[in-house]
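Look at the structure below and keep the sequence at hand. This report takes the domains, then the charged pairs, then the aromatic rings.

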Amino acid sequence: MVATGTGLRNDVDEILPGVIADRRFLHEHPELGFQEVETSRFVAERLAAMGVEDIRTGIAKTGVTGLVRGQREGGAAKTLLIRADMDALPIQEENDVEYRSKHDGVMHACGHDAHTAMLLGVTRLLLDRRDDFTGTVKVLFQPAEEGPGGAKPMIEAGVLEDPKVDAALGMHMAQAAPLGQIGVRTGPAMAASDRFEILIQGKGGHGARPQATVDPIMVGSQIVVALQTVVSRETDPTVPAVVTVGAFLAGQAFNVIPDTATLRGTVRSFDNDERQRLAERIEAVAKGIGGAMRAEVEVQYHFGYPPTVNDAGMTDIVRRAAAGVVGTENVIEEDLHMGAEDMSYFLEAVPGSFFFVGSKNDEKGLVWGHHHPRFDIDEAALSTGMATMVESALGYLNG
Ligand code: NI
């Protein structure tokens with residue numbers, strides 16, 4: 001008999017104070033992407049003290065992995081990867097709490113402190129249940145989710161091999177959802193995030209003699225307007241996509257036509273074909289308008305995180321596990337997020353699911369969103385997240 005249900009709830013309650021203490025320690029000592037040196041050491045020490053096997057550190061600078069091997073006989077011995085991110089944000093914390101950030105200008109304002117602490121708790125709970133499952137759990141703590149991305153270099157460093165990973169799970173605190181809710185979504189869940197820079201070379205001159213110039217501000221303005229039609233006139237209206245020009249840099253003086261202009265923008269999409277098409281059309285539209293208006297246009301396109309796509313079978317496992325923890329009525333179908341996540345690289349490589357743990361509490365004033373200087377979570381969400389993750393892991397490995 002697998003010790004889940006009430007047994008799990010009791011065990012989660014028992015370790016919760018320790019997990020909260022870990023989360024607060026991490027919150028007090030936030031570190032930016034690829035600089036998670038203290039965090040990484042803290043994680044590795046915790047794993048070693050628990051007796052986790054095969055602890056590897058320094059992967060993609062600060063990443064850590066470890067193994068929990070099930071002892072139950074029989075069944076297919078699969079390997080499940082459970083991932084947490086460790087990095088903080090360049091934000092000055094405005095919360096007046098005893099565990100407030102001690103690092104000036106750096107803050108865990110997205111909940112990655114909670115993700116790391118929860119995965120340490122999940123590791124403890126799975127170690128205590130080794131006799132109840134077949135196969136292996138690989139716990140993975142990654143750097144730099146907020147950018148430039150730690151998942152991809154960890155995969156390139158071989159974390160999906162030795163032992164070969166068959167499936168992956170991850171979770172994120174959700175301040176848009178109340179405590180006690182779990183959000184799941186089959187298929188695309190979070191957007192691909194790409195960016196571009198358009199360099200317009202015109203010909204500067206006197207503002208009163210436009211005939212002697214090629215005005216890059218006019219060219220850029222036409223490009224900004226035309227780029228909006230790439231979504232509004234060329235993309236299937238039932239397929240979500242966004243093109244935003246967030247920067248238009250040109251000129252200094254009221255009576256001078258500058259030589260150059262630069263546009264910078266972001267593109268969000270959920271489907272790889274659509275993503276490719278948007279990139280091609282943005283370049284073609286910008287260059288076409290430049291050509292028509294006598295300017296030289298160069299387009300630099302940077303593909304960022306791919307879309308986060310949840311596998312149907314893995315998401316069903318999470319949905320069932322979450323229902324057992326919070327009740328069917330509190331398992332919600334998550335809305336599409338236009339934000340991006342580098343969990344997407346793991347989910348591109350193996351089937352998996354990324355779910356959302358409600359952490360907002362109106363009564364306690366814990367209402368501020370992710371990346372806000374007053375972001376904070378209801379720590380009771382740590383127990384909801386851990387219980388759902390442990391049940392999901394056992395559901396997959398024993399299923
Ligand atoms: Ni995040």
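This is a predicted model: local features need pLDDT of at least 70, side-chain atom pairs count only at pLDDT 80 or more; totals for chains, interfaces and linings use all residues.

The size of an interface is often given as the accessible area lost when the parts come together.

Domain 1 covers residues 6–190 + 307–397, and domain 2 covers 192–302. The C-alpha centres of domain 1 and domain 2 lie 39 Å apart. Ten residues from domain 1 and ten residues from domain 2 make the contact. How many salt bridges run between domain 1 and domain 2? The count is zero.

## Salt bridges

The whole model has 26 salt bridges. Take Arg24 and Glu379. Their closest N and O atoms are 2.7 Å apart. Glu379 has 10%, so Glu379 counts as buried.

Now go to Arg264 and Glu197. This salt bridge has its closest N and O atoms 2.4 Å apart. The pair also links distant parts of the chain, 67 residues apart. Arg264 is in strand S12 (residues 260–269), and Glu197 is in strand S8 (residues 192–201). Arg264 is partly exposed at 40% relative accessibility. Glu197 is buried at 17%.

Some salt bridges share partners. Which residues do they join into one network? They are Arg23, Arg24, Glu98, Asp113, Asp376 and Glu379. Another salt bridge joins Asp85 and Arg83, at 3.8 Å from N to O. Both Asp85 and Arg83 are buried.

## Aromatic pairs

A pair of aromatic rings is described by the distance of the centres and the angle of the planes. The model has five aromatic pairs. Phe25 and Phe42 make one of them, and this pair is stacked. The ring centres are 4.9 Å apart, with 20° between the planes. Phe25 belongs to helix H1 (residues 6–28), and Phe42 belongs to helix H2 (residues 37–50). The two are 17 residues apart. Phe25 is partly exposed, with a relative accessible area of 30%. Phe42 is buried, at 12% relative accessibility.

Why does the pair of Phe354 and Phe356 count as edge-to-face? The planes stand at 80°, so the pair takes that label; the cut-off is over 60 degrees. The centres of these rings are 5.5 Å apart. Phe354 and Phe356 are both buried. Phe196, Tyr301 and Phe303 form one aromatic cluster.

## Charges over rings

Find Lys61 and Phe34. Lys61 lies over the face of Phe34, at 5.1 Å from the ring centre. Then find Lys78 and Tyr396. The charged end of Lys78 sits over the Tyr396 ring, 4.4 Å from the centre of that ring.

Methods:
Residues are numbered from 1 along each chain as its sequence is written. Side-chain values use heavy atoms; hydrogens and water are left out. Rings of Phe, Tyr and Trp (its six-membered ring) pair if their centres lie within 6.5 Å; planes under 30 degrees apart count as stacked, over 60 as edge-to-face and the rest as tilted. Helices (H or I, at least four residues) and strands (E, at least two) are DSSP runs, numbered from the N terminus. Buried means under 20% relative accessible area, exposed over 50%, partly exposed in between (1.4 Å probe, protein chains only). A charge sits over a ring if NZ of Lys or CZ of Arg is within 6 Å of the ring centre and within 35 degrees of the ring normal. Domain bounds come from an automatic or database domain assignment. Contact means heavy atoms within 4.5 Å. A salt bridge is a side-chain nitrogen of Lys or Arg within 4 Å of a carboxyl oxygen of Asp or Glu.
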